[in-house]
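The following paragraphs guide the reader through one protein model. Please keep the sequence and the structure in view while reading.

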Amino acid sequence: MIFRTAVEHAKKHPGLIPQFFFICLGMGGATLYLVRLAKGPHVTWNKTSNPEPWNKLDPTYQYKFVAITTDYKNLKKEGPDF
């Protein structure tokens, strides 16, 4: 019903088509980013099998989405293995 109304408005006012496109593009991008965050190494979905998954990551693992000044290849582990 909402989709049909949007199509009718787009037919009457063609200037709305880019707006609908960019709104859908933004919503899709936000959804994909939330899915990416939910699958990250710092999120625990099952606490019985692996309560602290971040302890098993290598010190050279890149946590940030974009790391401009940090070179993760040359990092050394600072603490003991647990």
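How much space lies in the second largest pocket? In this predicted model, the volume of that pocket is about 190 Å³. Its lining consists of Ile 2, Phe 3, Ala 6, Val 7, Ala 10, Phe 20, Ile 23 and Cys 24. Two elements each contribute two or more residues to this lining, namely helix H1 (2–12) and helix H2 (16–38). Helix H1 supplies the largest share, with five residues. In terms of residue class, the lining comprises eight nonpolar residues, with no polar and no charged ones.

Attention may now turn to a stretch annotated in a database. The UniProt record, an unreviewed entry, assigns the feature "transmembrane region" to residues 16–35. In the model, the chain over residues 16–35 is 100% helix and 0% strand.

How values were computed: Residues are numbered from 1 along each chain as its sequence is written. This is a predicted model: local features need pLDDT of at least 70, side-chain atom pairs count only at pLDDT 80 or more; totals for chains, interfaces and linings use all residues. Side-chain values use heavy atoms; hydrogens and water are left out. On a 1 Å grid over the protein atoms alone, a cavity is a set of points where a 1.4 Å probe fits but cannot get out, and a pocket is an open set with protein on both sides within 12 Å along at least five of seven lines; lining residues have an atom within 4 Å of a point. Grid points are joined across faces, edges and corners, and a volume is the space filled by probe spheres set on the points. Helices (H or I, at least four residues) and strands (E, at least two) are DSSP runs, numbered from the N terminus. Ala, Val, Leu, Ile, Met, Phe, Trp, Tyr, Cys and Pro count as nonpolar, Asp, Glu, Lys and Arg as charged, and the others, Gly among them, as polar. UniProt positions are given in the numbering used here, feature names are shortened, and annotations may be inferred rather than shown by experiment.
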